[in-house]
Amino acid sequence: MSVIDVQIQSRGVMAAEDLYDFLQSDAEKTVDIDAETGKITAVSEGITKPRIAVNNICNGRDSCLVHSRVPYADFGFGGTGTKTGSWPYRISWETGSHTAKVWYRHGYDVVGWGTKFGPHTKANMNAPVTAVQVTNYS
């Protein structure tokens, strides 16, 4: 293996063999990879990337993108993290129990739908937009 001297958070520098064994183990870990070279640039113990799930319904805890036209569904986002996609004809969004932010496409630009809002906030748009990213911070 050509990966040597990769820092593992809380373990320090490891020999190549030890690193390889750690990468093959069932321990929770997050691995960052350089897209250009394919090489590992960092390894952290634990799952450090948050998870977010999207559903075609909204429950009371989800942040929610609300549609303005049938047959489009509302979309709920549970958990924490960021989800990108294309959700056309959105007229409002609700934070549910999350601190959250939404972005939408305006021409060729991606624009924040307001700011990051705290829980139990509803943000209305004066015309339908295509939402492209949802981030639940908590």
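Predicted model: local features only at pLDDT ≥ 70, side-chain atom pairs only at ≥ 80, totals over all residues.
The chain contains 1 helix and 11 strands. Read along the sequence, these elements follow the order β-β-α-β-β-β-β-β-β-β-β-β. Of the 138 residues in the chain, 33% are buried. Among contacts with a separation of 6 or more, 51% are between residues 24 or more positions apart. The accessible surface of the chain amounts to about 8,400 Å², and carbon and sulfur atoms account for 49% of that surface.

Helix α1 spans residues 16-24, and its buried residues are Ala 16, Leu 19, Phe 22 and Leu 23. Viewed down the axis of α1, these buried residues fall within an arc of 125°, so they line one face of the helix. Glu 17 and Gln 24 are exposed on the other side of α1. The spacing of such a face follows from helix geometry: an α-helix has 3.6 residues a turn, so residues three or four places apart point the same way.

A search of the whole structure gives 4 aromatic pairs. One of these is formed by Phe 77 and Trp 87, whose ring centres are 5.3 Å apart. The planes of the two rings stand at 90°, and the pair is therefore edge-to-face, since an angle over 60 degrees falls in that class. Phe 77 belongs to strand β7 (residues 75-79) and Trp 87 to strand β8 (residues 81-94), so the pair ties together parts that are 10 residues apart in sequence. Phe 77 has a relative accessible area of 0% and is buried. Trp 87 is also buried, with a relative accessibility of 8%.

The rings of Tyr 104 and Trp 113 form another pair, with centres 5.9 Å apart. Their planes are at 80°, so this pair is edge-to-face. Tyr 104 counts as buried at 11% relative accessibility, and Trp 113 is buried with a relative accessible area of 4%. A ring also takes part in a contact with a charged group: the charged end of Lys 116 sits over the ring of Tyr 137, at 4.4 Å from the ring centre.

Two buried residues in strands were examined individually. Val 43 lies in strand β4, which covers residues 40-45. With a relative accessibility of 1%, Val 43 counts as buried. Val 43 is 12 residues from Val 31 in sequence, while the C-alpha atoms of the two residues are 4.6 Å apart in space.

Ser 63 is located in strand β6 (residues 63-67). The relative accessible area of Ser 63 is 1%, and this residue is therefore buried, the cut-off for burial being under 20%. The side chain of Ser 63 is joined to that of Asn 136 by a polar contact of 2.8 Å. When residues up to four places away in sequence are not counted, Ser 63 touches Phe 75, Gly 76, Phe 77, Glu 94, Thr 95, Gly 96, His 98, Ala 100, Val 134 and Asn 136. The residues touched by Ser 63 thus include Phe 77, a member of the edge-to-face pair with Trp 87.

Most residues other than glycine have a negative phi, and most peptide bonds are trans. The peptide bond from Val 70 to Pro 71 is cis, with omega near 20°. Pro 71 is placed in the loop between β6 and β7. Strand β6 is the strand that holds Ser 63, and strand β7 holds Phe 77.

Positive phi values occur at Tyr 89 and His 120, neither of which is a glycine. For Tyr 89, phi is about 60°. Tyr 89 is part of strand β8, the strand that also contains Trp 87. With a relative accessible area of 29%, Tyr 89 is partly exposed. For His 120, phi is about 65°. His 120 is found in the loop between β10 (109-112) and β11 (122-136). At 69% relative accessibility, His 120 counts as exposed.

Note on methods
Residues numbered from 1 in each chain as written. Heavy atoms only, no water. Phe/Tyr/Trp six-rings, centres within 6.5 Å; stacked < 30°, edge-to-face > 60°. Helix = DSSP H or I, 4+ residues; strand = E, 2+ residues; numbered from the N terminus. Buried < 20%, exposed > 50% of the residue type's maximum accessible area, 1.4 Å probe, protein only. Lys NZ or Arg CZ within 6 Å of the ring centre and 35° of its normal. Arc of directions from axis to C-beta. Polar contact = N/O pair within 3.5 Å; in protein donor to acceptor, adjacent residues only side chain to side chain. Contact = heavy atoms within 4.5 Å. Areas by Shrake-Rupley, 256 points an atom, 1.4 Å probe, with all protein chains shown as cover.
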